[in-house]
Amino acid sequence: MIKTFITTISLQARGDLRTIFYNPQGFELKNNCETCFPIIPVIASETESEENIKIIAIRTVNHDTKDNYEVFLNEIENLGISKDKVTQISVKENQSKTIGMNMLMNILKEIPEDSLVFTDITFGTKPMSSILLYAMTYIEKLNKDVEVEGIYYGELPRENGKVAYERASLYDLTAYKYLSDVIEELNHLEVKNPLAALEKLLKM
């Protein structure tokens, strides 16, 4: 089984990326480490050998992301993983439906069969993060041999108008994807009051 890791390259200006220690909230990462990209400690913790992994990096095409992509590749190599394991999906700097649909289809096509998927939605535009979430919802329906194992978001809280880097947190949002699966099943079963049923399930 292949472990597939997906992330979006930061849109921050050149040189503005900071190396941060993200504290996992409600879960553990056995090989957590400082990074510019929250997916890096996930890769470090979930990878035993680079033989059966694939890394997908979504990059908006501009000068800043070109430099940030190089930083990402350096971090990958620092884990002992060849940058050849990274597949880049280039996206035009445009939020149109056509660009978004192309991005969605490219993500879905790049995820290998018989794959466990880990996705970081921290960076990119809001539409790009949404498209990644949709891809995680769709891929299991399109390929029964694919399972979404983790959806992550790195948060930088603010205090008194300044970023509190020491309180950086990493959240696992996979439960919301599972919730979508439950709602679909409730609809399939034609439950009379699905909202009440969902609320009851969440209290269990």
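The exercises below concern a predicted model of one protein chain.

**Exercise 1. Describe the protein chain as a whole: its helices and strands, its radius of gyration and its buried residues.**

Step 1. The secondary structure consists of six helices and nine strands.

Step 2. For 204 residues the globule rule gives 17 Å, and the radius of gyration of the chain is 18 Å. These values are close, so the chain is as compact as a globular protein of that length.

Step 3. The C-alpha trace spans about 55 × 40 × 40 Å along its principal axes.

Step 4. Of the 204 residues, 42% are buried.

Step 5. Take the contacts between residues at least 6 apart in sequence: 70% of them join residues at least 24 apart.

**Exercise 2. Decide whether helix H1 is mostly covered or mostly open, and find what covers its buried residues.**

Step 1. A residue counts as buried when its relative accessible area is under 20%. By this cut-off, seven of the eight residues of H1 are buried, and the helix is mostly covered.

Step 2. The buried residues are Ile39, Ile40, Pro41, Val42, Ile43, Ala44 and Ser45.

Step 3. The cover over these residues includes helix H2 and the strands E1 (2-8), E3 (53-60), E5, E6 (146-155) and E9 (169-172).

**Exercise 3. Work out how H1 and H2 lie relative to each other, and which residues make their contact.**

Step 1. H1 covers residues 39-46 and H2 covers residues 63-78; their axes come within 11 Å and cross at roughly 20 degrees.

Step 2. Angles under 35 degrees count as roughly parallel. H1 and H2 are therefore roughly parallel to each other.

Step 3. The crossing of H1 past H2 is right-handed.

Step 4. On the H1 side the contact is made by Ile39, Ile40 and Ile43, and on the H2 side by Phe72, Glu75 and Ile76.

Step 5. Sorted by type, the residues of this contact are five nonpolar, no polar and one charged. Ile39, Ile40 and Ile43 of H1 are also listed among the buried residues of that helix.

**Exercise 4. Repeat the analysis for H5 and H6: what is their arrangement, and which residues meet?**

Step 1. The axes of H5 and H6 come within 10 Å and cross at roughly 135 degrees.

Step 2. An angle over 145 degrees would count as roughly antiparallel, and 65 to 115 as roughly perpendicular.

Step 3. H5 passes H6 in a right-handed crossing.

Step 4. H5 brings Leu179, Val182, Ile183 and Leu186 to the contact, while H6 brings Pro194, Ala197, Leu198, Leu201 and Leu202.

Step 5. The residues of this contact divide into nine nonpolar, no polar and no charged.

**Exercise 5. Asp114 and Glu190 each have a positive phi. State where each residue is found and how exposed it is.**

Step 1. Asp114 is not a glycine, yet its phi is about 55 degrees. Its place is the loop between helix H3 (97-110) and strand E5 (115-120).

Step 2. The relative accessible area of Asp114 is 37%, so this residue is partly exposed.

Step 3. Glu190 also has a positive phi of about 55 degrees without being a glycine. Glu190 sits in the loop between helix H5 (174-188) and helix H6 (194-203).

Step 4. Residues over 50% relative accessible area count as exposed. Glu190 has 69% and is therefore exposed.

Key: Residues numbered from 1 in each chain as written. Predicted model: local features only at pLDDT ≥ 70, side-chain atom pairs only at ≥ 80, totals over all residues. Heavy atoms only, no water. Helix = DSSP H or I, 4+ residues; strand = E, 2+ residues; numbered from the N terminus. Buried < 20%, exposed > 50% of the residue type's maximum accessible area, 1.4 Å probe, protein only. Axes fitted to C-alpha atoms, helices over the stretch in contact; angles between N-to-C directions. Left-handed = near helix turned anticlockwise from the far one by under 90°. Contact = heavy atoms within 4.5 Å. Nonpolar A, V, L, I, M, F, W, Y, C, P; charged D, E, K, R; others polar. Rg over C-alpha atoms; globule rule 2.2 N^0.38 Å.
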